[in-house]
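Hi,

Here is the structure I said I'd pass on.

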Amino acid sequence: MTLVIENGWPRTTTWAGEQLHIGGVGVRELAAEFGTPAYVLDEDDFLARCAEWRRALPDGEVHYGGKAFLCPEVVRWLDAAGLCLDVCTGGELAVAVAGGMDPARVVFHGNNKSPAELLRAVSWRVGCVVVDSFAEIERLAALTAEAGVRQNVMIRVTPGVEAHTHEFIATGGDDSKFGFSLRAGLAAEAVRRVLAEPSLELTGLHSHIGSQITDLAGFTLAAHRMAAFLRAMEDEHGVTIPKLDLGGGLGIVYRPGDPLP
């Protein structure tokens with residue numbers, strides 16, 4: 001008997017001959033060759049999921065969160081699949097460079113980027129930096145002005161949305177340490193400060209409401225609030241803000257009966 005295993009496993013995972021197989025390869029064979037513990041990914045399954053996201057959003061950009069799992073080979077898969085890559089540390093940025101990712105498709109997140117990390121991103125001509133604080137706006141503006149470049153940035157906005165997930169991985173509420181509060185007026189002030197910096201180009205607004213989300217209502221509410229804020233900023237400043245980045249991690253199924261978005 002062959003049992004097809006679903007949920008959090010690769011779709012090519014099966015149980016046959018008293019052994020788990022991933023992509024047609026038995027895990028005992030993998031353990032014998034590579035030792036344990038080991039991370040096992042099926043390239044065909046990975047690329048198929050990338051293609052599904054691109055088909056679902058044909059006019060948008062699909063970003064892979066590097067914090068899920070990142071190594072140079074995964075970077076090469078993403079580059080070949082035409083996906084964008086989000087990194088949030090200097091280490092993840094280094095992996096993106098090592099994997100040969102097109103820097104124009106890399107977005108650099110993080111609420112505590114060091115000056116050295118920002119300088120590396122600017123030097124590599126990373127596609128976009130998501131600014132997370134007023135101090136970072138000043139720091140990045142100074143670095144880019146000194147380098148003589150104009151850096152694309154997005155502003156991380158906290159839309160005041162409570163995602164239906166565990167409180168420790170919810171990032172869209174007003175008390176979040178990430179981003180600029182929409183309700184408190186900090187996001188609007190961040191827009192004004194970025195637009196006042198000649199070496200920064202405001203290309204979008206970004207939000208991330210949490211991880212392991214299985215109820216999509218929070219995404220809907222965040223989208224409405226972010227779109228309204230974007231339009232208000234365009235009207236106030238007479239500019240066009242071309243991108244709206246609606247982030248958050250869709251959940252996976254851990255147990256039978258768990259909801260799947």
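**Helix packing and a hairpin**

Starting with α4 and α5: their crossing is left-handed (the near helix is turned anticlockwise from the far one by less than a right angle; clockwise would be right-handed). Before going on, note that this is a predicted model, where local features need pLDDT of at least 70, side-chain atom pairs count only at pLDDT 80 or more, and totals for chains, interfaces and linings use all residues. Numbering runs from 1 along each chain as its sequence is written, and side-chain values use heavy atoms, with hydrogens and water left out.

Helices (H or I, at least four residues) and strands (E, at least two) are DSSP runs, numbered from the N terminus. Helix α4 spans residues 90–98 and α5 residues 115–123; they pack at about 25°, axes 10 Å apart (axes are lines fitted to C-alpha atoms over the stretch in contact, and angles run from 0 to 180 degrees between N-to-C directions). That makes α4 roughly parallel to α5 (angles under 35 degrees). In this contact (heavy atoms within 4.5 Å), G90, L93 and V97 of α4 meet E117, R120 and A121 of α5.

The other helix pair is α2 (residues 43–56) with α3 (residues 72–81), at about 40° and with axes 10 Å apart. Their crossing is right-handed. From α2, E43, F46, L47, C50 and R54 meet V74, W77, L78 and A81 of α3.

Lastly, strands β2 (residues 13–16) and β3 (residues 19–22) pair antiparallel over four bridges (pairing takes at least two DSSP bridges). T13 has I22 in β3 as its bridge partner. Two residues lie between the strands of this hairpin, and G17 takes a positive phi near 60°.

Cheers

Key:
Parallel < 35°, antiparallel > 145°, perpendicular 65-115°, else oblique.
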